[in-house]
Amino acid sequence: MVGEAAQLNVRRWLGLLTLAAAASAGAQDYAIEGSCRDGALHGAYELRGGNGQVRVVGAFARGKRTGSFLFWSSSGTRIAQLPFDDDILSGTLALWYSTGDRRGEARPKLEAAYVAGKLHGRKRSWYPDGQLRAEYRYDQGALIEARAFGESGTAFGPAEARAQAATDLAADDRFYTTLDDIVRTHRPPCAPASDRLERS
């Protein structure tokens, strides 16, 4: 059952990873808006696709991400919200499926609470039909409690649920890294303050 769950997890992220990887390739296809202060990104940040579609919005404070960074697919579906405090995940992270429900609204995929870059509190995920997939509880990054369910709704045993939590954590971290890479590779150039003084 763990093998089946791991395969489901891989399929679960495949679509979003493909979207994120496509967005991280080829800076010439994107319009980047952002401002600098003292040689570092500071203020609102926006990344748009070649078709004008907003792909990422967020804000920087002296070169560090602050507040929520929101990500959209190329079709305009919101797929992620990553909260930052001083460039570290802190707050409630949320992911959505890239295809909407019958009303066209994004379907929740995952919610996870972070404090100072570590999972702390509840982490829940859902199948595309809205059925609960897993619920974990973390304390300062340590897994305290794990419940997981198959697509049929059958509950996994404790060991299987913990194994699923580890598989999910690895897949989630890879996805967050991909989103980070999109922003990291699509930043406006900020000349160091000393360079600007020399040019003036």
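1. Strands here are DSSP runs of E with at least two residues, helices are runs of H or I with at least four, and both are numbered from the N terminus. Glu46 is buried, with a relative accessible area of 18%; buried means under 20%, exposed over 50%, and partly exposed in between, using a 1.4 Å probe and protein chains only. Its side chain makes a polar contact of 2.7 Å with the side chain of Arg48. A polar contact is a pair of N or O atoms within 3.5 Å; within protein, one must be able to donate a hydrogen and the other to accept it, and residues adjacent in sequence count only if both atoms are side-chain atoms. Not counting residues up to four places away in sequence, Glu46 touches Ala31, Ile32, Glu33, Val54, Val56 and Val57, where contact means heavy atoms within 4.5 Å.

2. Before going on, please keep in mind that this is a predicted model, in which local features need pLDDT of at least 70, side-chain atom pairs count only at pLDDT 80 or more, and totals for chains, interfaces and linings use all residues. Residues are numbered from 1 along each chain as its sequence is written, and side-chain values use heavy atoms, with hydrogens and water left out.

3. Now the overall picture. The chain has three helices and 11 strands, and from the N terminus the elements run α-β-β-β-β-β-β-β-β-β-β-β-α-α. Of the 200 residues, 36% are buried. Among contacts with a separation of 6 or more, 34% come from residues 24 or more positions apart. The accessible surface of the chain is about 10,200 Å², and carbon and sulfur atoms account for 51% of that surface; the areas come from the Shrake-Rupley method with a 1.4 Å probe, and for residues, only the protein chains shown count as cover.

4. Which residue does the side chain of Lys123 meet in a polar contact of 2.6 Å? The partner is the side chain of Asp172. Lys123 sits in strand β9 (residues 118-126) and is buried, at a relative accessible area of 2%. Leaving aside neighbours within four places in sequence, Lys123 is in contact with residues including Leu110, Glu111, Tyr136, Tyr138, Asp168 and Asp172.

5. Strand β4 (residues 64-72) and strand β5 (residues 78-85) run antiparallel and are joined by six bridges; two strands pair if DSSP finds at least two bridges between them. Phe71 has Ala80 in β5 as its bridge partner. Five residues lie between the two strands, and Gly76 in this hairpin takes a positive phi near 95°.

6. The chain then turns again. β5 pairs with strand β6 (residues 88-89) in the antiparallel sense over two bridges, and Asp85 has Ile88 in β6 as its bridge partner. Two residues separate the strands of this hairpin, and Asp86 in the turn has a positive phi of about 55°. Asp87 lies in the loop between β5 and β6 and has a phi near 70°, a positive value in a residue other than glycine. At 28% relative accessibility, Asp87 counts as partly exposed.

7. Arg62 is another non-glycine residue with a positive phi, near 50°. Arg62 is in the loop between β3 (54-61) and β4 and counts as exposed, at 51% relative accessibility.

8. Rings of Phe, Tyr and Trp (its six-membered ring) pair if their centres lie within 6.5 Å; planes under 30 degrees apart count as stacked, over 60 as edge-to-face and the rest as tilted. The count comes to five aromatic pairs. Phe60 and Phe69 have ring centres 5.5 Å apart and planes at 85°, so the pair is edge-to-face. Phe60 and Phe69 are both buried. Ring pairs also link Tyr45, Phe60, Phe69 and Phe84 into a cluster.

9. Finally, two arginines lie over ring faces. Arg65 is over the face of Phe84, at 4.0 Å from the ring centre, and Arg78 is over the face of Trp96, at 3.9 Å from the ring centre. A charge sits over a ring if NZ of Lys or CZ of Arg is within 6 Å of the ring centre and within 35 degrees of the ring normal.
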